[in-house]
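My entries follow the structure.

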Amino acid sequence: MTIGYSVRRASAAWIAIATLLLAPGVTRGRGLNAMHRQSADSMQDSQEARDKEQEKRDREQEARDREEEKRDREQEARERAQEKIERLQELYDDGREDLDEDRYDKAAAKFQQLAEMNGPQTDAALYWKAYAENRLGKRDLALATLADMKRRFPQSRWQKDASALEIEVRQSTSNPAHPENQSDEELKMLALQGIMNADPQKGISILENILNGSGAPKLKSRALFMAAQSGRPEAREVLAKIAKGQTNPDLQRKAVEYLGLFGGAEARKTLADVYASSSDASVKHAILRSYMIGGDHERLFAAAKSEKDESLRREAIRQLGLVHGITELDQLYQAETSTDLRREILQAFFLAGDSGRLVKAAQGEKDPDLRRAAIRNLGLIHSEDSGKALQEIYNKETEHALKAEVLNAYFLQGNAKALVAIARSEKDPELKKTAVSKLTLMHSKEGTDYLMELLQK
């Protein structure tokens, strides 16, 4: 009994001891497992956070790419529209030149083509087509063209000219022998000049009749020039009337040009009145160019700041560049929020030959598109300062695309020396290849010598 009791007590003791010995190990195991789980969870959370951050960056990059693609499409659309306008204008100008050179058959064909394209000059094209047909002796065809023009464009500013031409076509009697009716335009101008010298009042009256009649475009242009050049108050009044739109748009734009060329403060006031009252964008463009001819910084600056039509704002900015309106352009650049217009201002700095502002934008502008535009324009300025600025930008820049833009700027400058230096030292194989590819197109001795070195390695 005693022995059995002792054995049972010993077994219980050993079990208790074993339990005590085992308990810390189990506890440690559970602690380690918990730590492993916590570490794994932490690593998983960290990876998920990194994945989310990468997804966010990817989405932001995709959004930037979409936005850039959208801007590119919009820019391409604007360029296509501008190219179409330029093609139409070129065809119109070619037709007018044919009229001036008495190539009436060619002029008629070009104005017919222009009319079929249904551009903004269609009414003018039909008028000049009829004019050319009349000069070719095709009176019935000229009358039909005039009737078509009057029917399709009842509000056209060419209606007055069309009515005068129709009267001329229908006339069967010979014209009286007055200066405005002489067949030889040179004789007309000589006769009119003589009358202007002898009796200015009568000369200006005849001049006005020529401008309101159905004479040749070259004759009208020369008569308008004569009015502008005379400097007489009566002649300036005639010029002002035409500039205000009392005749066809071609003569109006020409009058605007002459007011800017020959006029003073009074002429610029007339131009400002016409600009404020006109709804014709082509006339406003002509006035902005006349402001440039007259060096009118103030009115160009006002148009560049407040004009609602973006194409007119761009025109005003360009003209400010041509008159070296650096201070005004700088103010515009600081205040402008549109990337497209800021790019236009950078182009105007180039037109003004101001490399300092371009360097400032190339180095400090946060928008990469504008930085590229500034660098590109620096490449168009062939000066030692711009070359040094490009070198400094290249050495400091880390973005691949901007460094490539500097290489393109060197190419635009014809700066083979700088490209050779970069090709020798550049570690980036793509940039080195770009520099060498530019050199292959430049045909410079320095570049050719370096290319020979590459072949001999």
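I started at the end of α14, where His324 follows the helix with a positive phi, near 60 degrees. The model is predicted, so I noted its limits: local features need pLDDT of at least 70, side-chain atom pairs count only at pLDDT 80 or more, and totals for chains, interfaces and linings use all residues. Residues are numbered from 1 along each chain as its sequence is written, and side-chain values use heavy atoms, without hydrogens and water.

I took helices as DSSP runs (H or I, at least four residues), numbered from the N terminus.

I then looked up burial (buried under 20% relative accessible area, exposed over 50%, partly exposed in between; 1.4 Å probe, protein chains only). The buried residues of α14 include Leu312, Arg314 and Glu315.

I listed salt bridges (a side-chain nitrogen of Lys or Arg within 4 Å of a carboxyl oxygen of Asp or Glu) and found 33. One network of them links Arg289, Glu310, Arg314, Glu315, Arg318 and Glu344.

I looked at Glu397 and Arg371, which meet at 2.7 Å, N to O. Glu397 sits in the loop between α19 and α20 and Arg371 in helix α18, 26 residues apart. Glu397 is buried at 12%, and Arg371 is buried at 14%.

Methods. Helices (H or I, at least four residues) and strands (E, at least two) are DSSP runs, numbered from the N terminus.
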